[in-house]
Amino acid sequence: MQALEKIVINRNWITLIILLLLILIVLLKSLNKERLKGFVFVLFNKNFITTEADDNPSFFNGFNLLLFLFSTITLSLTISFLLDTKSYLFDTTFSSFLIVFTIVLSYFLLKKFLEFLLVRLFLIQKQLLFYTISKTSYLYTISFVLFIVYILTVYSALKASVLLYSTLFLLVIRFIAHIVINKKLIFSKLFYFILYICALEIAPLFLLFKLIL
């Protein structure tokens, strides 16, 4: 007998979270409309990443914090929904979402902290600045796309598999774009790059999709 996807989801709190995300987009637009547009379409505009690297804005500036929060919430919503539709041990409630959000937030903050330590320790800030900004920029881009796909999946007849395959596709696109734009640095330090992606990129994703699938 074929297993059916769970479709009974309380959308009240989800609607409030989506409203919060829309408010964040409005705030981002009011703070810097051009930067917001740049992050949304960064896959098609390498020059934007170059400009960001030259300006090197602080992570703690208002725009960056709001954008980071938007991305973290969107990814947490996506993960919660996928876990709920693929696992009978997980229900999409506000409390379960908060747990996922805390894990995702902790992961990103810990990764940023480790990257900061490594950059400072080995005095390679200039060499890795473009690399880290491009990686973060592509993550923000796919977060905007996932936000749209998530809304369509939750509030329409689209199957949960659409969100799952869209997520996988966007992650692959991000990975390829990131390698292409940083190919000189990556291939000159290939061994260290492989260690990095295995430890901080692939391993967490593998554990996540192991739970989902």
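Q: Which residues of H3 are buried?
A: Phe-48, Ile-49, Glu-52 and Ala-53 are the buried ones in H3. Buried means under 20% relative accessible area, exposed over 50%, and partly exposed in between, with a 1.4 Å probe and protein chains only. Helices here are DSSP runs (H or I, at least four residues), numbered from the N terminus.
A: One caution on sources: this is a predicted model, where local features need pLDDT of at least 70, side-chain atom pairs count only at pLDDT 80 or more, and totals for chains, interfaces and linings use all residues. Residues are numbered from 1 along each chain as its sequence is written, and side-chain values use heavy atoms, with hydrogens and water left out.

Q: What happens at the start of H3?
A: A side-chain oxygen of Asn-45 comes to within 3.3 Å of the backbone nitrogen of Asn-47.

Q: And what follows H3?
A: Asn-56, with a positive phi near 45°.

Q: Switching topic: how many residues are in the largest nonpolar core?
A: It has 48, and Leu-21, Ile-73, Leu-77 and Tyr-150 have the most contacts inside it. A nonpolar core is a set of buried Ala, Val, Leu, Ile, Met, Phe, Trp, Tyr and Cys residues joined through side-chain atoms within 4.5 Å.

Q: What does Leu-21 contact?
A: Leaving out neighbours within four places in sequence, Leu-21 touches Phe-70, Ile-73, Thr-74, Leu-77 and Phe-147. Contact means heavy atoms within 4.5 Å.

Q: How many aromatic pairs are there?
A: The structure has 14. Rings of Phe, Tyr and Trp (its six-membered ring) pair if their centres lie within 6.5 Å; planes under 30 degrees apart are stacked, over 60 edge-to-face, the rest tilted.
A: Take Phe-39 and Tyr-140: their ring centres are 5.6 Å apart and the planes meet at 75°, so that pair is edge-to-face.

Q: Which helices are Phe-39 and Tyr-140 in?
A: Phe-39 is in helix H2 and Tyr-140 in helix H6, so the pair ties together parts 101 residues apart in sequence. Both are buried.

Q: Which residues do ring pairs link into a cluster?
A: Phe-59, Phe-60, Phe-68, Tyr-107 and Phe-108.

Conventions
Helix = DSSP H or I, 4+ residues; strand = E, 2+ residues; numbered from the N terminus. Polar contact = N/O pair within 3.5 Å; in protein donor to acceptor, adjacent residues only side chain to side chain.
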